[in-house]
Amino acid sequence: MNMDKLSPLLYFTTANGGPDISFLRAEREVGILNHCFDDIEAFMGKLQQTAEAATVLNQRKKKKKKSKKQSAEDELLATKARPPPDGEFVDIFQKFKYCFSLLARLKSTITNPSSEDLIHHVFKPLDMMVKTTGGPAFGAAVSSPALTSSAVSLLQDTLTEEERQLWTSLGPNWTHPRSQLRGPVAPYTPVFFDGWKPETVRPDGQVWEDPVESQHKLETLREKQESLIVHQDSLPPGPDRLYCCSYDFIARNSSELSVQQGETLEVIESSKRWWKCRNRFNQVGFVPFNILEPMAHIESPVHNKAPSTLTLAPPSPPALPQTTPTHSPQRPRSLPSYNQHVQAVEENDKVTLVNDELLQRLTNGKTNLNKPLVIPRSADTSLPLDYHSPPEEVAEWLKGKGFSEPTVSCLGVLTGAQLFSLNKEELRSVIPEEGARVYSQLAVQRSLLEDARRATELEAVMEKQKMKVDLKLESSTL
């Protein structure tokens, strides 16, 4: 097994011209992979020497059948012909499995040879190992380290028919990822024959994590996000979740749902101020909670109420998970114009009552404020990250905050709503080096979004109050 040394093909640099952390990470992981190859190659050489010594010893024994005297040379050959202990076989089988997960993780980083080329190359000594141990049973019992999901996918897509037969003969410990194995799998850290150890501390002082374990955590996070999406979209219908709309509401972007007064909706998810609902056309979107009444509590027919349109701008809802790629919906950057609302406000006492009630809630029930109401404004109302943000905006926001490429790659696949849903421990488990800093930046961003939401709500309420006063003044003047 003669293998050339691999080198990472990443060329990132920092602002000061030094190597980017992504390059250093790839270089470290390629170094670990190369040392695994070295140990596998050395062990194959050892097996070859054992086989050769055994052949020579058998030949010498045939020639000396009549002589019972054993020479020192025969004793030396007998020692060399003894197979390595079982522990060494286990160690090499473990390094085979570790190599598969590393090759999948480095698939986009190495070339000439590629990860696929090396998979074929590694299966030749693996076949020799299985035959030397008398069949697949010995190797099949090696559970640690568990393969990553990406390693299993790489093997499924790469192996020839003959290689696939060998692979499947080794059983679930080799063909299933850790998430599909029964019971816990012992942690694994490779120990190399020459005593080499990869660097444990990064240049910035943070500790390097084992690359395969890091990949397991990343895949666990992705599976969790996918299961959450499936769970949210597959809730069974029920009468307790049927609500009636008290007012019309016009959606402002693709994540919201336009509804009419008197329309019946099924509430799929009720959290905070926006509820995720489904209408009779099976359309799903977010609706303000304060225009919904449970069907069981409605005593009089809804259609007897005077038609009206709720025009207050509530806080922005979380973005709906998208199964197909779409461009980012436009978000409102200013309040609706005066002319758009004069007709809706004119002689509409019910809307005024709703506005007054919302204003009461926004001011925490304080009707007599000693200080004048001041609505803070920012120079730019657009925010770089919010609950609507698609994965592309999340990735750009992470890059703008100076996070490393692995962090951007890991979290850049999430939407804004999914990223905001992660707590500090989840972030630390996936990206130990920068998880705490990501959580801190998200806390700041969440605070900015909350401030912007409150300002929007108060501006809308005050604008309507101003319009009502202006209309009354015009009427009295006439």
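## Salt bridges and a helix contact

D39, D91 and K95 are linked in a network of salt bridges (a side-chain nitrogen of Lys or Arg within 4 Å of a carboxyl oxygen of Asp or Glu).

Reader: What kind of model is this, and how are residues numbered?

Author: This is a predicted model, in which local features need pLDDT of at least 70 and side-chain atom pairs count only at pLDDT 80 or more, while totals for chains, interfaces and linings use all residues. Residues are numbered from 1 along each chain as its sequence is written, and side-chain values use heavy atoms, with hydrogens and water left out.

Reader: How many salt bridges does the rule give?

Author: The count comes to 17 salt bridges. One of them joins E88 to K46, with the closest N and O atoms 2.8 Å apart. E88 lies in helix α3 (residues 86–105) and K46 in helix α1, so the pair ties together parts that are 42 residues apart in sequence. Helices here are DSSP runs of H or I with at least four residues, strands are runs of E with at least two, and both are numbered from the N terminus.

Reader: Are E88 and K46 buried, exposed or partly exposed, and where are the cut-offs?

Author: Buried means under 20% relative accessible area, exposed means over 50%, and partly exposed is in between, using a 1.4 Å probe and protein chains only. E88, at 26% relative accessibility, counts as partly exposed. K46 is also partly exposed, with a relative accessible area of 36%.

Reader: Which residue forms a salt bridge with E433?

Author: The partner of E433 is R25, and the closest N and O atoms are 3.8 Å apart. This pair links distant parts of the chain: E433 is in the loop between α15 (424–430) and α16 (435–477), R25 is in helix α1 (residues 21–63), and the two are 408 residues apart. Both E433 and R25 are buried.

Reader: Where do R280 and E263 lie?

Author: R280 and E263 form a salt bridge, their closest N and O atoms being 3.7 Å apart. R280 lies in the loop between β3 (274–278) and β4 (284–288) and E263 in the loop between β1 (242–245) and β2 (264–271), so the pair ties together parts that are 17 residues apart in sequence. R280 is exposed, with a relative accessible area of 63%, whereas E263 counts as buried at 10% relative accessibility.

Reader: Turning to helix packing, at what angle do α4 and α7 pack?

Author: An axis is a line fitted to C-alpha atoms, for helices over the stretch in contact, and angles run from 0 to 180 degrees between N-to-C directions. Helix α4 (residues 115–132) and helix α7 (residues 161–169) pack at an angle of about 50°, with their axes 11 Å apart. The two helices are therefore oblique to each other; under 35 degrees counts as roughly parallel, over 145 as roughly antiparallel, 65 to 115 as roughly perpendicular and the rest as oblique.

Reader: Which residues make the contact?

Author: Contact means heavy atoms within 4.5 Å. On α4 the residues are H120, F123, L126, D127 and V130, and on α7 they are E163, L166 and W167.
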